[in-house]
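Please read these comments alongside the sequence and the model. They are arranged as numbered points for checking one by one.

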Amino acid sequence: MAIAYPTTKDYDETVAEGFWIADFYTSTCGPCKLIDKILSEIVLENPDINWAKCNLEDDWDMKDRYQVLGTPTLIFYLDGEEKGRMLGGFHTQSEIMEEISRILYGE
Amino acid sequence: MKTKLYSIPDWQAALRAIGWADAPTGDDVEKAVSRELTRGKASFAEQAPGAPIEKGCRATLRTESALPKFNKEKTVVTVGSGLYDPAIEAQLCGMTAGGRGEAAVKGEKVSFTVTKVEKKVLPPLTDELVRELRLEGIATLADYRLCMDSKLKEEYAAELCRRLLEELLPAARMDPPEEEDIRRVIDLEYEPLRARFSLDTLSPEEWKEAFENAKLRDFYTQIYPDIARLLGTTGRESYYESRRDAAAETIRACLVLGRILGDDADPTEDPQAERKLTQALTGRLLEMIYGG
């Protein structure tokens, strides 16, 4: 498992292998802090889940390139292929885990 | 402040009765340090033959079932993660490679065989892991241990302070908080919100729409507890009504805390009075438990 801080330069390479959650956030976004807390717990218990923390303030190009409509946005990747998205900060830990489970193991 | 406190029980006796045998130890600090520093750093290594599966292990399964999700040649499960079927994850604990099991999922039989087991391996704790956290003024493992030690002790003392107050408040002899004091406490907390959200300019409908969203409650409670107080209210008087009990409790807590500390911090004058008194008592408790 890994926690990475990609920019547009190395984003695709970062999420290319394994299961990744790309977490698009800004430092001033309150809901992003809630999602950060939830993902911290999820990656602690699940070493196969990788977390790409994408601070849009560091690289605004990522917003358009990955069609991020607002923060927080989570994009789920399996071996580089986008498998799902969640927008907004009001998702519970179990809702996020259900989405991960659906992607990893199917319905 | 008009509300009068006459006496409180012997607070030191109350504290001894609560006790602090469960105060954080060096082991607790070490576990917390390891947890924080190794987040995102764990890897897996082959489990010794015959060693049982524990929570955190990675098990590879072959599954058979009428359900497509459970009919696969290879499924990798982190045991205890809660991402796979909970009944199967629970059953996996204690099994070894080659073991077989069965579970019922949605009324269908699921058979599984453990084909491989790997254990979670955490990296050794180093100064480098600490530096990756980019914490101001904390560059070494020793610094980080010290910081975590203080954090856990302070959290514990704050909780002890809360429990002590819980014991003392019902037994304290005092007048019911005066109406004037209650209104003054609420005024002090309301004023910054009034200015921040231009509350005076909101119609009752606008106010209601802005602050009645139940879905925002958890979010505000965790991130902006001051805004959370506005949720569910519909105007200034409604806000006052909803905050009456909390304000009365603040007055009572400040009187008791002030008596313990010999401090007359007044919540009708200072909106931070309760926080300051709680911090001061927490500091005193830390000295008592850990000796300075």
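This is a predicted model: local features need pLDDT of at least 70, side-chain atom pairs count only at pLDDT 80 or more; totals for chains, interfaces and linings use all residues.

1. Extent of the contact between the chains. The size of an interface is often given as the accessible area lost when the parts come together. For chain A and chain B the buried area is about 2300 Å², and 58% of it falls on carbon and sulfur atoms. Chain A contributes 25 residues to the contact and chain B contributes 26 residues.

2. Polar links across the contact. Eight residue pairs are in polar contact between chain A and chain B, counting those with both residues at pLDDT 80 or more. On the side of chain A that touches chain B, the elements giving two or more residues are α2 (30-45) and α4 (93-105) of chain A. Of these, α2(A) gives the most, with 10 residues. Three salt bridges cross the interface. A salt bridge joins K55(B) to E45(A), with N to O at 3.4 Å.

3. R134(B) sits over the face of Y5(A), 5.5 Å from the ring centre.

4. A salt-bridge network. Over all chains the salt bridges number 30. E41(A), R35(B), E36(B) and R39(B) are linked in a network of them, and this network has members from chain A and from chain B. Within it, the side chains of R35(B) and E36(B) meet at 3.8 Å, N to O. R35(B) is partly exposed, at a relative accessible area of 33%, and E36(B) is also partly exposed, at 27%.

5. What does K53(A) do besides lying over the face of W51(A)? The distance from K53(A) to the ring centre of W51(A) is 4.4 Å. K53(A) also forms a salt bridge with D36(A), whose closest N and O atoms are 3.3 Å apart. K53(A) is buried, with a relative accessible area of 15%, whereas D36(A) counts as partly exposed at 26%.

6. A salt bridge within one helix. D149(B) and K153(B) form a salt bridge with their closest N and O atoms 2.9 Å apart. Both residues lie in helix α5 (residues 141-171) of chain B, four residues apart, or about one turn of the helix. D149(B) is partly exposed, with a relative accessible area of 22%.

7. Aromatic pairs. The whole structure holds nine aromatic pairs over all chains. Why is the pair of Y11(A) and Y77(A) edge-to-face? The ring planes of Y11(A) and Y77(A) stand at 75 degrees, and planes over 60 degrees apart count as edge-to-face. The ring centres of this pair are 5.9 Å apart. Y11(A) is in helix α1 (residues 11-14) of chain A and Y77(A) in strand β4 (residues 73-78) of chain A, so the pair ties together parts 66 residues apart in sequence. Y11(A) is buried, at 0% relative accessible area, and Y77(A) is buried, at 6%.

8. F24(A) and Y66(A) form a tilted pair, 6.2 Å centre to centre, with 35 degrees between the planes. F24(A) lies in strand β2 (residues 19-25) of chain A and Y66(A) in the loop between α3 (61-65) and β4 of chain A, so this pair ties together parts 42 residues apart in sequence. Both F24(A) and Y66(A) are buried. Y11(A), F24(A), Y66(A) and Y77(A) form one aromatic cluster.

9. L74(A) and its surroundings. L74(A) lies in strand β4 of chain A and is buried, with a relative accessible area of 2%. Beyond neighbours within four places in sequence, its contacts include I21(A), I35(A), L39(A), M86(A) and I96(A). Its C-alpha atom is 9.8 Å from that of W20(A), 54 residues apart along the chain.

10. Is Q47(B) buried or exposed? Q47(B) counts as buried, at 12% relative accessibility. This residue is in the loop between β2 (43-46) and β3 (58-65) of chain B. Leaving aside neighbours within four places in sequence, Q47(B) is in contact with residues including P52(B), C57(B), V117(B) and K119(B).

Key. Residues are numbered from 1 along each chain as its sequence is written. Chains are lettered from A and ligands numbered from 1 in the order in which they are written. Side-chain values use heavy atoms; hydrogens and water are left out. Rings of Phe, Tyr and Trp (its six-membered ring) pair if their centres lie within 6.5 Å; planes under 30 degrees apart count as stacked, over 60 as edge-to-face and the rest as tilted. Buried means under 20% relative accessible area, exposed over 50%, partly exposed in between (1.4 Å probe, protein chains only). A charge sits over a ring if NZ of Lys or CZ of Arg is within 6 Å of the ring centre and within 35 degrees of the ring normal. Contact means heavy atoms within 4.5 Å. Buried area is the accessible area (1.4 Å probe) that two parts lose on being put together, summed over both. A salt bridge is a side-chain nitrogen of Lys or Arg within 4 Å of a carboxyl oxygen of Asp or Glu. A polar contact is a pair of N or O atoms within 3.5 Å; within protein, one must be able to donate a hydrogen and the other to accept it, and residues adjacent in sequence count only if both atoms are side-chain atoms.
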